[in-house]
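Here is a short briefing for a first look at this structure. It covers a cavity and a helix pair.

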Amino acid sequence: MSVIERSVQIMDELATAGAPVMLTDLSARTGLPLTTVHRLCAQLLAEQLIERGEGGGLMIGTRTWVLGRRHARTERTRFVAGRFLHDLHEVTRGTVDLVLLDGERLRVVERLSGLTHTRADWRSLPEGVPLHRTSAGVAILAARSDHSVAELRRAAGPEEAADVDAAIRDARAGRVVRRADPLDGRRVTLAAAIRTRGEVDSALVLTVDGDRAARVQAPSVLVTARRITAALAAEG
């Protein structure tokens, strides 16, 4: 059994226990040696995936619940958005992504490109691609608080401020956010935020070849994002 499998086993026991569990009891419940339980729990505590409860026993940590809720919300968004993503891909023949903002990283959780449909679980953009240079990053953060927008502008710096301000204005005016593809400057990305239960942490992104295609397809991106938001709201 791998380290991950043993860690999951420990967390499963803590999740179903209903009360803090001491290390010795956890060892007995899982059948794992006490030294192994102690070592793995120390790692899980450091990651804040578990925490100490009353009397020093162990319990599932707040971060685990947050990650669980986020995963459930992402899976729900992915499921509801699926047919709309497919329709947009069929119409545009561009690359269609469902993108999630996870902390400071953008992660692609669904992708339709060419003839393929990729379930791109938590695939991140490469390190070093700043959010203000991505259409998805601007679309999501512009739909949040003024603090988020201020951070976006600060990260852009004075040289890119005017360009970023224009993109933010587009997002807040309900228009598509258009940016050069950070991984291929010859292509253009179009993004619109998706709202889930009042929160904005995801966006629909279409990547096309050139400015002309971007102008033609921008309305389709906006309509699709709005349909996804409406479908999520109808799901409750």
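Which residues line the largest cavity? They are R73, T74, T77, L98, L100, V109, D201 and S202. This is a predicted model, where local features need pLDDT of at least 70, side-chain atom pairs count only at pLDDT 80 or more, and totals for chains, interfaces and linings use all residues. Residues are numbered from 1 along each chain as its sequence is written, and side-chain values use heavy atoms, with hydrogens and water left out.

**The cavity**

- The whole structure holds 1 cavity of 30 Å³ or more.
- A cavity is a set of points, on a 1 Å grid over the protein atoms alone, where a 1.4 Å probe fits but cannot get out; lining residues have an atom within 4 Å of a point.
- The largest cavity holds about 50 Å³ of space, a volume being the space filled by probe spheres set on the points.
- Helix 4 (62-92), strand 3 (95-102) and strand 9 (199-209) each supply at least two lining residues.
- Helix 4 gives the most, with 3 residues.
- Helices (H or I, at least four residues) and strands (E, at least two) are DSSP runs, numbered from the N terminus.
- The lining has 3 nonpolar, 3 polar and 2 charged residues.
- Ala, Val, Leu, Ile, Met, Phe, Trp, Tyr, Cys and Pro count as nonpolar, Asp, Glu, Lys and Arg as charged, and the others, Gly among them, as polar.

**The helix pair**

- The axes (lines fitted to C-alpha atoms over the stretch in contact, with angles from 0 to 180 degrees between N-to-C directions) of helix 5 (residues 135-142) and helix 6 (residues 146-172) come within 9 Å and cross at roughly 75°.
- Helix 5 and helix 6 are therefore roughly perpendicular (65 to 115 degrees).
- Contact (heavy atoms within 4.5 Å) involves V138, A139, L141 and A142 of helix 5, and S148, V149, L152, A167, I168, A171 and R172 of helix 6.
- By class, this contact has 9 nonpolar, 1 polar and 1 charged residues.

How values were computed: On a 1 Å grid over the protein atoms alone, a cavity is a set of points where a 1.4 Å probe fits but cannot get out, and a pocket is an open set with protein on both sides within 12 Å along at least five of seven lines; lining residues have an atom within 4 Å of a point. Angles under 35 degrees count as roughly parallel, over 145 as roughly antiparallel, 65 to 115 as roughly perpendicular and the rest as oblique.
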